[in-house]
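Welcome! Here is a short briefing to read alongside the sequence and the 3D view.

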Amino acid sequence: MEDFTFDGTKRLSVNYVKGILQPTVTCDIWDEIWNFQAKPDDLLISTYPKAGTTWTQEIVELIQNEGDVEKSKRAPTHQRFPFLEWKIPSLGSVCWGSWHQHVKGWWEAKDKHHILYLFYEDMKKNPKHEVQKLTEFIEKKLDDKVLDKIVHYTSFDVMKQNSMANYSSIPAEIMDHSISPFMRKGAVGDWKKHFTVAQNERFDEDYKKKMADTRLTFHFQF
């Protein structure tokens, strides 16, 4: 498929690979991706979009580099962390598929794989505790001074000003920060400013229905 314009907006060139819609650049190197062999110590960060992905990437980077901030500035996040974004055509406009399926699928995988679950709300409430938890999962040992440094440099306000983490290096035709910055508020419970009471009731009903078959629980506010 060629680049196309809808309502005057230029879209990313896409095509299908194994029946799944992907950016053309991903399709072009699919054989390399498909044949990739992970190493025993490789770490996979799997998140639903806008759920703390960049935050977790930066924390992992600083843990691995033992708090060396300069090393994390060697390149933008999307270059330091290769990643794939799946586009599921059968789910219409929801490019990344169902959030419910995503989180439940990974939650159910805990009995088969070595997985650490992080919750955005917990990371906001007690970031040092969650950084320590992630440090132990990666099997690194860092002292309190380094942990505090990581917490500081991965705080929302600091990361928002970090050109290597805030995606400001992406060309405006791909990501126009004048319309909406990649890093917006980073707040928990901001939905209250956008949902009406009726909308929240509809959301709660839908959430309970789709998450009824799991013990997985979330906190939507502090």
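Predicted model: local features only at pLDDT ≥ 70, side-chain atom pairs only at ≥ 80, totals over all residues.

The points below start with α8 and then turn to a tryptophan elsewhere in the chain.

**The buried side of α8**
- Helix α8 covers residues 127-137, and its buried residues are Glu130, Val131, Leu134, Thr135 and Phe137.
- These residues lie on the same side of α8 because they cover an arc of only 160 degrees around the axis.
- An α-helix has 3.6 residues a turn, so residues three or four places apart point the same way.
- After α8 comes glutamate 139, which has a positive phi, near 65 degrees.

**How α8 meets α9**
- The axes of α8 and α9 are 10 Å apart, and the two helices pack at an angle of about 115 degrees.
- α8 and α9 are therefore roughly perpendicular to each other.
- The crossing in which α8 passes α9 is right-handed.
- On the α8 side, the contact involves Pro127, Lys128, Val131, Gln132 and Thr135, which meet Asp144, Leu147, Asp148, Ile150 and Val151 of α9.
- The residues of this contact between α8 and α9 comprise five nonpolar, two polar and three charged.

**A look at tryptophan 99**
- Tryptophan 99 sits in helix α6, which covers residues 99-108.
- With a relative accessible area of 24%, tryptophan 99 is partly exposed.
- Beyond its neighbours within four places in sequence, tryptophan 99 is in contact with Tyr48, Tyr207, Met211 and Phe218.
- Proline 49 is 50 residues away from tryptophan 99 along the chain, yet their C-alpha atoms are separated by 9.2 Å.

Methods:
Residues numbered from 1 in each chain as written. Heavy atoms only, no water. Buried < 20%, exposed > 50% of the residue type's maximum accessible area, 1.4 Å probe, protein only. Helix = DSSP H or I, 4+ residues; strand = E, 2+ residues; numbered from the N terminus. Arc of directions from axis to C-beta. Axes fitted to C-alpha atoms, helices over the stretch in contact; angles between N-to-C directions. Parallel < 35°, antiparallel > 145°, perpendicular 65-115°, else oblique. Left-handed = near helix turned anticlockwise from the far one by under 90°. Contact = heavy atoms within 4.5 Å. Nonpolar A, V, L, I, M, F, W, Y, C, P; charged D, E, K, R; others polar.
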